[in-house]
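Have the structure open while you read.

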Amino acid sequence: MSEVVAMAGQAYMRQLQAHPLRTKAITSGVLAGCSDAVAQKISGVPKLQLRRLLLIALYGFAYAGPFGHFLHKLMDKFFKGKKGKETTAKKVLVEQLTASPWNNMMFMMYFGLVVEGRPFGQVKNKVKKDYASVQLTAWRVCCSRF
């Protein structure tokens with residue numbers, strides 16, 4: 001079994017080297033879909049909502065994967081030649097202060113408008129009401145890793 005996992009990992013890394021954007025987009029879509037399936041089960045949904053899962057996977061594929069790819073390429077240019085724990089911490093800080101708030105806003109808007117099909121006014125009010133706590137929770141989770 002470990003040989004199969006090692007071979008799959010090597011094949012993945014080859015794809016990542018040869019086609020980084022495509023590989024990251026597909027990976028992000030698959031992970032987003034899997035995450036939604038788990039979230040649905042944890043929340044007690046009696047039957048998996050396939051439409052919702054596919055729309056979340058689409059978000060990962062079309063937005064989150066490509067955004068992360070280009071953000072990290074930009075950060076690599078900004079921190080060119082710098083490595084180590086201090087540089088990694090700076091990259092995390094930059095990402096958390098810039099991309100994290102943007103990505104949380106984008107996801108909340110996408111989820112309300114596209115996944116749930118709510119009118120813009122309703123989504124805007126929900127974002128106004130919940131955005132601060134969502135972002136603070138994201139920062140708490142991020143900071144708890146350090």
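## Aromatic rings and a domain interface

Tyr59 and Tyr63 are both buried. Keep in mind that this is a predicted model.

**The ring pairs**

Those two tyrosines sit in helix H3 (residues 50–78), and being 4 residues apart there, they are separated by about one helical turn. In all, the model has 6 aromatic pairs. For Tyr59 and Tyr63, the ring centres are 5.2 Å apart and the planes are at 40°, so this pair is tilted. Phe107 and Phe111 make up another tilted aromatic pair, with 5.8 Å from centre to centre and 35° between the planes.

Here are the two pairs side by side:

| Pair | Centre to centre | Angle between planes | Geometry |
|---|---|---|---|
| Tyr59 and Tyr63 | 5.2 Å | 40° | tilted |
| Phe107 and Phe111 | 5.8 Å | 35° | tilted |

The phenylalanine pair belongs to helix H5 (residues 99–115), where Phe107 and Phe111 are 4 residues apart, about one turn of the helix. What about their exposure? Phe107 has a relative accessible area of 30%, so it is partly exposed. Phe111 comes in at 19% relative accessibility, and since buried means under 20%, Phe111 counts as buried.

Now put the rings together: Tyr59, Tyr63, Phe67, Phe107, Tyr110 and Phe111 form one aromatic cluster.

**Where the domains meet**

On the contact count, 14 residues of domain 1 touch 15 residues of domain 2.

Which residues of domain 1 lose the most area to domain 2? They are Tyr59, Met75 and Phe79, which together account for 39% of what that side buries.

Between domain 1 and domain 2, the count is 6 residue pairs in polar contact, and the salt bridge count is 1. Elsewhere on the charged side chains, Lys91 and Asp76 meet in a salt bridge, at 2.9 Å from N to O.

Terms used. Residues are numbered from 1 along each chain as its sequence is written. This is a predicted model: local features need pLDDT of at least 70, side-chain atom pairs count only at pLDDT 80 or more; totals for chains, interfaces and linings use all residues. Side-chain values use heavy atoms; hydrogens and water are left out. Rings of Phe, Tyr and Trp (its six-membered ring) pair if their centres lie within 6.5 Å; planes under 30 degrees apart count as stacked, over 60 as edge-to-face and the rest as tilted. Buried means under 20% relative accessible area, exposed over 50%, partly exposed in between (1.4 Å probe, protein chains only). Contact means heavy atoms within 4.5 Å. Buried area is the accessible area (1.4 Å probe) that two parts lose on being put together, summed over both. A salt bridge is a side-chain nitrogen of Lys or Arg within 4 Å of a carboxyl oxygen of Asp or Glu. A polar contact is a pair of N or O atoms within 3.5 Å; within protein, one must be able to donate a hydrogen and the other to accept it, and residues adjacent in sequence count only if both atoms are side-chain atoms.
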